[in-house]
Amino acid sequence: MIITRRPLLLGAAAAGLMAANAYAQSASDFMGEWHGALDLGSQRLRLRLVVAEGPTATLYSVDQGNGAIPVQSTAISNGELTLTIPVISASYRGRLDNGRIEGQFTQGGTLPLVFTREEVGAAAGPEALTQQSLAAMRAEAGAPAFAAAARNRDGRAINYADGLRALGRPEQVTTSDLWHIGSITKSMTATLVARCVEAGEISWDDTIGSVMGGVIPDMRAQYRDVTFRHLLSHRAGLVSNLEWSEILSFQRENPDPRQERIQYARLGLTRDPAGPKGEHFEYSNTGYVIAGAMLEQKLGASWETLIRQRVFDPLGMASAGFGAPGTPGAYDQPVGHGPGILAVAAGNRGSEVAPYPPGGAITDNVAALGPAGRVHTSFTDLFKFLDAHRDRTSFLRRETWDTLHTPPFGGPYAMGLAQRSGALWHNGSNTLWYAEVLIDPARGISAIAATNDGRPEIMGRPVGAALVGAAQAVA
């Protein structure tokens, strides 16, 4: 089964401290100020940790405005520090050893994080990406193919691709190929909502209860006053995903998935909330499916029809489509790769990943998940979308761009895009592909990087490095 992966986001929020439980005799060794850095591939985030009596702790994101991130609980026991940070759905566990706290930071995925007493300097500027360096990144990562591109508003651009469309096949990827972009689709769904708001057909403050109450009368009361603003910023209190057994009941391909989206929405809206709306951040594919279903109820057409008519066609994105790109049997586009039960059947015994070509049983998320992560497109057409956001073109009014790019309930996540050091960023994976995009209005840069290997825990860092290197090449 394929599920869109959640992005790894580190957010800043207002300070808040709560004491925790165990307080061992070695706790005094943890007291004071510590410094570390998270290597996200596309960004290196410096962190400052202050541990005080209690014990309590405060975490600061130095490169995100030095904002304090609330640590809900702090525990010190047997030389080990444990932090629980629910506001960003994260935790940290580290052991004190020779004056260093060596541990793991978990937020969707897990990354190593070492704290020392010495302040961490700013990261050196990234090297500009070249065709040769992209090829080296792909080879080191062990991916079938990598592609990366960037351009600035002055017209300078790069576009590189390296590797195979499918393992075991001779076809090479090209710079005009189509790539599956996973959860980057969410920024497109949010933009579609914005277009419909400007047309006067819906409101940002339309509620699930008022729109979906007639078709889902048994939804939980906590969701009835949840709005588009909550859904698009992952602040609706909804769970991230349905259970595997529930998702298996939906079709992989469906030319008109509107009824299935209502069924999917009902499953999400009849279970307990993950947290209070507005306050709790929970990256939720379910929320975006519900947003798509609300559009369908209000406008009487499928999300696929609406996004093509209101976003793709006006921007000239002719290559944009849904599901895995390519013609079955032709290998005319990159093929998604991932581990799984089909590895041996695909003729790749011993390989870590196997190709899952179009026409097979597993190629993408179920059709109902379209609004959350099911778009493919060429880089050329994706730039038309990214550049509209970067330059705040007449595609939307200025105040609407402000709404899309501003987190409505605090934190770093706006509407389908996350704020990151003055820029906007998102990633996406359906577990067979992985991609990242960057929109940097201050520098006038848009950048894309992608691979047809859907292991975010392995591909996130090299693809992120390719993204930053591509941006640097046109800076």
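A nonpolar core here is a set of buried Ala, Val, Leu, Ile, Met, Phe, Trp, Tyr and Cys residues joined through side-chain atoms within 4.5 Å. With that in hand, here are the close-ups, all drawn from a predicted model.

View 1. The largest core counts 107 residues. Met188, Trp204, Ile208, Met212, Leu231 and Leu269 are the ones that touch the most other members. Zoom in on leucine 269 and, once neighbours within four places in sequence are set aside, you find contacts with Ile208, Ile216, Met219, Arg220, Tyr223, Leu238 and Ile290. Apart from this core sits another one, of 26 residues, with Met31, Leu47, Leu49 and Phe115 among them. As background, nonpolar side chains in soluble globular proteins tend to be buried together.

**View 2. Tyrosine 92 and phenylalanine 115, one of eight aromatic pairs in the structure.** How do these two rings meet, stacked or edge-to-face? Their centres are 5.4 Å apart and their planes make 85°, so the pair is edge-to-face. Tyrosine 92 belongs to strand S7 (residues 90–97) and phenylalanine 115 to strand S9 (residues 109–115), so the pair ties together parts that lie 23 residues apart in sequence. Both partners are tucked away: tyrosine 92 is buried at a relative accessible area of 2%, and phenylalanine 115 is buried at 1%.

**View 3. Phenylalanine 281 and tyrosine 413, a tilted pair.** Here the rings are 5.9 Å centre to centre, with 50° between the planes. The pair links distant parts of the chain, 132 residues apart. Phenylalanine 281 comes from the loop between helix H6 (258–269) and helix H7 (285–299), while tyrosine 413 comes from the loop between helix H11 (398–405) and strand S17 (418–420). Phenylalanine 281 is buried, with a relative accessible area of 8%, and tyrosine 413 is buried too, with 2%.

**View 4. Two charges over rings, and an aromatic cluster.** Arginine 117 lies over the face of tryptophan 34, at 3.7 Å from the ring centre. Elsewhere, lysine 186 puts its charged end over the ring of tyrosine 288, 5.7 Å from the centre. For another gathering of rings, look at Trp179, Phe379 and Trp433, which form one aromatic cluster.

**View 5. A three-stranded open sheet with antiparallel pairing.** Reading across, the order is S12-S16-S13. Strand S12 (178–180) and strand S13 (321–322) are the edge strands, each pairing on one side only. S12 is joined to strand S16 (residues 375–378) by three bridges, and the two run antiparallel. Leucine 178 stands opposite serine 378 in S16. Helix H10 (residues 379–391) packs on the sheet, where it touches S12 and S16, and its direction makes about 105° with that of S16. On the other pairing, two bridges join S13 to S16, again antiparallel, with glycine 321 opposite histidine 376 in S16.

**View 6. Strand S16, covered on both faces.** In a regular strand, side chains alternate between the two faces of the sheet. In S16, Val375 and Thr377 point to one side, His376 and Ser378 to the other, and all of them are buried.

**View 7. Histidine 230 in helix H4 (residues 228–232).** Is this residue buried or exposed? Histidine 230 has 9% relative accessibility, and since the cut-off for buried is under 20%, it counts as buried. Beyond its neighbours within four places in sequence, histidine 230 is in contact with Asp225, Arg235, Ala236, Lys277, Gly278 and Phe409.

**View 8. Leucine 417 in the loop between H11 and S17.** Leucine 417 is buried, with a relative accessible area of 1%. Which residues does leucine 417 touch, not counting those up to four places away in sequence? They are Ser187, His389, His405, Pro412, Leu424, Trp425, His426 and Ile439. Alanine 190 is 227 residues away along the chain, yet its C-alpha atom is separated from that of leucine 417 by 8.9 Å.

**View 9. Alanine 135 in helix H1 (residues 131–141).** Alanine 135 is partly exposed, with a relative accessible area of 22%. Alanine 135 and phenylalanine 146 are 11 residues apart in sequence, and in space their C-alpha atoms are 7.6 Å apart.

Technical notes:
Residues are numbered from 1 along each chain as its sequence is written. This is a predicted model: local features need pLDDT of at least 70, side-chain atom pairs count only at pLDDT 80 or more; totals for chains, interfaces and linings use all residues. Side-chain values use heavy atoms; hydrogens and water are left out. Helices (H or I, at least four residues) and strands (E, at least two) are DSSP runs, numbered from the N terminus. Buried means under 20% relative accessible area, exposed over 50%, partly exposed in between (1.4 Å probe, protein chains only). Contact means heavy atoms within 4.5 Å. Two strands pair if DSSP finds at least two bridges between them. Axes are lines fitted to C-alpha atoms, for helices over the stretch in contact, and angles run from 0 to 180 degrees between N-to-C directions. Rings of Phe, Tyr and Trp (its six-membered ring) pair if their centres lie within 6.5 Å; planes under 30 degrees apart count as stacked, over 60 as edge-to-face and the rest as tilted. A charge sits over a ring if NZ of Lys or CZ of Arg is within 6 Å of the ring centre and within 35 degrees of the ring normal.
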